Amino acid sequence: MAGRWIETWEPEDTAFWRETGERVARRNLWFSVLSEHIGFSVWTLWSVMVLFMGPEYGVDAAGKFFLISTATLVGALVRMPYTFAVARFGGRNWTVFSAVSLLVPALAALWVMEPGTSYGTFLAVAALTGIGGGNFASSMTNINAFFPLRKKGWALGLNAGGGNIGVPVVQLVGLLVIGTLGAAHPRIVLGVYIPLIVTAAVCAALYMDNLRPVTNDTGAALLAARDRHTWIMAVLYVGTFGSFIGYSFAFGLVLQTQFGRTPLQAASLTFAGPLLGSLARPLGGRLADRYGGARVTLAAFAATAAATGVVIHASGAASLPVFLAGFTALFVLTGLGNGSTYKMIPGIFHAQALARGLDGEAAAAHGRRLSGAAMGLIGAVGALGGLAVNLAFRQSFQAYGTGTAAFWSFLAFYGVCSALTWAVYLRRPQATTVRTRLGYAEV
């Protein structure tokens with residue numbers, strides 16, 4: 001795939017950006033969003049498929065939670081190789097390949113979704129859908145290289161938010177199928193997505209570009225892995241994106257298991273939260289561009305903890321309306337936090353470059369070099385948070401019959417994330433290298 005290669009790319013040059021860069025970057029952004037959107041839909045496919053699995057499938061609630069946990073785990077693990085694939089093969093070329101590869105889990109699910117299929121087969125196919133989670137890492141690494149620092153919060157938030165919307169969209173498709181044809185026709189959902197996968201691949205081939213200056217830098221990857229801020233941001237991303245994707249997978253199953261909702265009732269309620277959370281992600285990036293990622297992230301974690309308290313109360317009182325209100329707030333707030341945390345990553349490494357005496361394009365290049373490497377690791381660890389959420393729900397329902405114990409553990413973790421954000425990026429006096437040149441509001 002020789003593709004189209006752009007030999008020179010200088011987004012921090014305002015003249016270049018105004019005359020050429022912005023138009024090309026935006027075109028690549030829109031088609032990156034499309035491919036990532038389909039990837040998220042495939043990744044979270046089993047959050048819908050389990051709603052179709054009635055008693056005739058012979059899979060209990062714990063088994064269903066383990067199915068969605070398997071998809072979550074694989075999606076997290078493939079994010080690291082997907083991150084480095086962009087530089088190795090080109091952003092356009094890898095987007096085409098990663099889109100086409102989604103046909104494998106879609107066709108496999110089309111084949112196995114019927115009563116009588118063994119649980120081991122369901123597990124294997126759920127694991128295959130995990131490759132859709134890798135599209136996020138390659139897409140974010142690619143788009144990070146296209147945009148200047150001052151636009152990254154908006155661009156990365158829009159790219160990730162558009163991808164995240166793939167979660168509620170596949171759930172809406174499932175709702176339409178269950179509502180019109182009943183829960184006996186899961187293959188219709190897959191029949192909708194197979195042509196969409198082909199469309200995403202064709203559009204990427206026709207309209208996206210490869211950037212020659214983007215190269216795999218082993219040194220940058222090692223530096224990012226050794227930098228404490230990479231791991232701090234990974235913990236914060238577990239709290240934001242890990243919560244978002246974990247809740248997206250588990251929400252419908254929680255409604256069925258704890259509140260006795262039918263498949264149709266559960267499907268009619270599950271899509272709204274992920275949709276609002278996805279739409280909130282670009283807003284989180286935009287707010288971070290204006291007020292500083294650390295400030296927005298801290299506010300998001302504090303509000304998320306409060307919303308979790310509402311969910312705990314509703315879970316104990318068996319109040320479905322209050323539970324839905326609190327859970328919807330969790331989706332919105334984690335979506336805001338997703339956008340603000342990803343804005344912080346390039347800002348942190350750019351600030352470190354300034355603190356070391358670099359300026360102008362040299363500082364920007366250093367920031368892009370390390371932030372691109374760090375994003376893959378942070379994204380993979382954050383997605384593992386979704387696995388932790390699903391396993392916590394599984395254990396809570398097995399031990400107590402409700403998800404209340406899981407929510408208490410989430411509340412404690414949000415408290416840790418709030419304290420960490422404040423202590424490292426906002427506490428005064430400004431002692432860290434990150435804030436020496438840019439000031440805490442820029443991080």
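This is a predicted model: local features need pLDDT of at least 70, side-chain atom pairs count only at pLDDT 80 or more; totals for chains, interfaces and linings use all residues.
**Salt bridges**

Side chains of opposite charge can pair when their charged atoms come close. The structure holds six salt bridges.

| Pair | Closest N and O atoms |
|---|---|
| Glu7 and Arg212 | 3.4 Å |
| Arg26 and Glu22 | 3.2 Å |
| Glu114 and Arg187 | 3.2 Å |

Take Glu7 and Arg212, which form a salt bridge. This pair links distant parts of the chain, 205 residues apart. Glu7 sits in the loop between β1 (5–6) and α1 (14–43). Arg212 sits in the loop between β2 (210–211) and α12 (218–226). Arg212 has 40% relative accessibility, so it counts as partly exposed.

The bridge between Arg26 and Glu22 has another setting. Both residues lie in helix α1, four residues apart, which is about one turn of the helix.

Now turn to Glu114, which forms a salt bridge with Arg187. This pair also links distant parts of the chain, 73 residues apart. Glu114 is in the loop between α6 (103–112) and α7 (119–129), while Arg187 belongs to helix α11 (residues 187–207). Glu114 counts as partly exposed at 37% relative accessibility. Arg187 is partly exposed as well, with a relative accessible area of 31%.

Salt bridges can also join up. Arg4, Arg27 and Asp209 are linked in a network of them.

**The largest pocket**

Rolling a probe the size of a water molecule over the atoms shows where empty space is left. The largest pocket has a volume of about 510 Å³. It is lined by 21 residues. Which of them are closest to its centre? They are Pro213, Val214, Thr215, Arg368 and Arg369.

α4 (79–89), α8 (131–146), α12 and α18 (360–400) each supply at least two residues. The largest share, five residues, comes from α18. Domain 1 (16–211) and domain 2 (219–427) each give at least three residues to the lining. By class, the lining of the pocket has twelve nonpolar, six polar and three charged residues.

**A buried valine**

Val254 lies in helix α13 (residues 228–259). Its relative accessible area is 0%, under the 20% limit, so Val254 is buried. What does Val254 touch, leaving aside residues up to four places away in sequence? Its contacts are Phe65, Phe259, Phe323, Phe393 and Phe397. Val254 and Phe397 are 143 residues apart along the chain, yet their C-alpha atoms are separated by 9.0 Å.

**The cavities**

The count comes to four cavities of 30 Å³ or more. About 60 Å³ of space lies in the largest cavity. Its lining is made of Ser32, Ser35, Glu36, Thr95, Ser98, Asn135, Ser138 and Ser139. The elements that give two or more residues to this lining are α1, α5 (91–101) and α8. By class, the lining of the cavity has no nonpolar, seven polar and one charged residues.

Key: Residues are numbered from 1 along each chain as its sequence is written. Side-chain values use heavy atoms; hydrogens and water are left out. A salt bridge is a side-chain nitrogen of Lys or Arg within 4 Å of a carboxyl oxygen of Asp or Glu. Buried means under 20% relative accessible area, exposed over 50%, partly exposed in between (1.4 Å probe, protein chains only). On a 1 Å grid over the protein atoms alone, a cavity is a set of points where a 1.4 Å probe fits but cannot get out, and a pocket is an open set with protein on both sides within 12 Å along at least five of seven lines; lining residues have an atom within 4 Å of a point. Grid points are joined across faces, edges and corners, and a volume is the space filled by probe spheres set on the points. Ala, Val, Leu, Ile, Met, Phe, Trp, Tyr, Cys and Pro count as nonpolar, Asp, Glu, Lys and Arg as charged, and the others, Gly among them, as polar. Domain bounds come from an automatic or database domain assignment. Contact means heavy atoms within 4.5 Å.
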